[in-house]
Amino acid sequence: MSDLAVAFIVFNRPEVTRLSFARIREAKPSRLFLISDAARVDRPGESELVNECRRIVQDIDWDCETHRHYADQNMGCALRISSGITAAFEKVERLVVIEDDCVADPSFFDYCGALLERYHDNQRILAISGSEFQGGRRRCPESYYFSRYPHCWGWATWRRSWQHFDLGLESWPAFRDAGGMRQVFPRPSYADLRAATYWTRIFDRCHAGQIDSWAYPWTLSCWLRQGLTAIPVRNLVSNVGYGPEATHTNRQIHGLGQPAVDLGPIRHPNRLIRNAAADSFTESMVFSGTRGINLRRLPHSFRKRWSRWIGRSAA
């Protein structure tokens with residue numbers, strides 16, 4: 001039996017829930033937190049799907065301490081998932097988190113367990129991801145590298161990290177207005193300006209309540225502390241949830257949706273340093289590079305601020 005605590009998030013897709021839960025059953029975690037939102041009142045037939053998903057995860061045939069966090073009324077993606085994770089951290093210090101459309105290779109659980117132990121007291125490492133989006137490029141000879149991006153298709157973290165999570169992004173306006181995004185994207189280049197523009201718009205919309213996401217606030221929480229995420233050199237989690245029923249992943253983009261493969265024996269890096277080349281590739285191929293951002297349409301005050309910064313940086 002694996003001495004791991006796993007949070008499994010389910011909702012309204014029985015087929016992918018079965019696939020993902022089968023891998024969790026194989027791993028046999030010692031603690032399991034089941035998180036489920038309630039059906040939306042304006043979606044006919046959704047309550048039956050929600051109940052079917054909850055029935056699937058009742059099939060626990062190993063020695064396991066189980067906690068169920070099932071909503072009676074629909075809470076929405078951001079609040080349901082984040083509050084479920086928070087509730088789990090009231091009972092454990094380390095947690096692996098898997099959503100219903102993420103199917104993990106068995107080595108994912110060993111990888112998470114090893115890194116949760118190794119970096120338990122390291123305040124620079126805030127999260128562990130099971131996904132990599134490098135299009136087959138191996139970024140280092142070790143089993144994983146460090147990134148600014150806390151990818152959340154199968155991931156793990158500690159209570160010490162999650163305590164900084166801020167769903168409402170209360171710190172965002174002050175961070176933004178103080179030029180905080182220049183700390184995240186410091187190069188005087190088009191790529192960094194495009195990235196800063198992209199993420200500024202996302203965080204602005206999240207702060208205004210226009211995006212129902214917990215993952216974007218989690219990203220900002222990590223960036224505010226200049227935290228690092230461990231990323232495997234092989235993809236350990238496959239997202240099988242693409243399609244019209246998905247909340248966010250209803251279209252495929254480069255590097256996403258790769259099959260999950262075995263990581264092999266774990267080789268740890270000797271240095272805790274961010275892999276800038278990998279992050280640039282991720283930003284370009286997964287995030288801001290996939291959106292058509294017209295910098296000339298930015299507000300004049302924003303462009304003026306960035307022009308002054310680029311001029312200073314180039315001097």
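Predicted model: local features only at pLDDT ≥ 70, side-chain atom pairs only at ≥ 80, totals over all residues.
Is aspartate 59 buried, partly exposed or exposed? With a relative accessible area of 41%, aspartate 59 is partly exposed.

Its side chain meets that of arginine 25 in a salt bridge, at 3.2 Å from N to O. Because aspartate 59 sits in the loop between α2 and β3 while arginine 25 belongs to helix α1, this pair ties together parts that are 34 residues apart in sequence.

A search of the whole structure finds 13 salt bridges, and another of them joins arginine 18 to glutamate 52 at 2.8 Å, N to O. Arginine 18 lies in helix α1 and glutamate 52 in helix α2, so here too the linked parts are 34 residues apart in sequence. Arginine 18 is partly exposed at 42% relative accessibility, and glutamate 52 is partly exposed at 21%.

Let me turn to strand β6, residues 125-129, where five of the five residues are buried, so the strand is largely enclosed by the rest of the structure. Strand β6 pairs in the parallel sense with strand β9, residues 228-232, over three bridges, and within that pairing alanine 127 has threonine 229 as its bridge partner. Three bridges also join β6 to strand β8, residues 155-158, but these two run antiparallel, with isoleucine 128 standing opposite alanine 156.

Finally, the second largest pocket has a volume of about 240 Å³, and its lining includes Arg124, Trp223, Leu228 and Arg274. The lining residues divide into four nonpolar, four polar and three charged.

Terms used
Residues numbered from 1 in each chain as written. Heavy atoms only, no water. Buried < 20%, exposed > 50% of the residue type's maximum accessible area, 1.4 Å probe, protein only. Helix = DSSP H or I, 4+ residues; strand = E, 2+ residues; numbered from the N terminus. Pairing = 2+ DSSP bridges. 1 Å grid on protein atoms, 1.4 Å probe; cavity = no way out; pocket = protein on both sides within 12 Å on 5 of 7 lines; lining within 4 Å. Points joined across faces, edges and corners; volume = space filled by probe spheres on them. Nonpolar A, V, L, I, M, F, W, Y, C, P; charged D, E, K, R; others polar. Salt bridge = Lys/Arg side-chain N within 4 Å of Asp/Glu carboxyl O.
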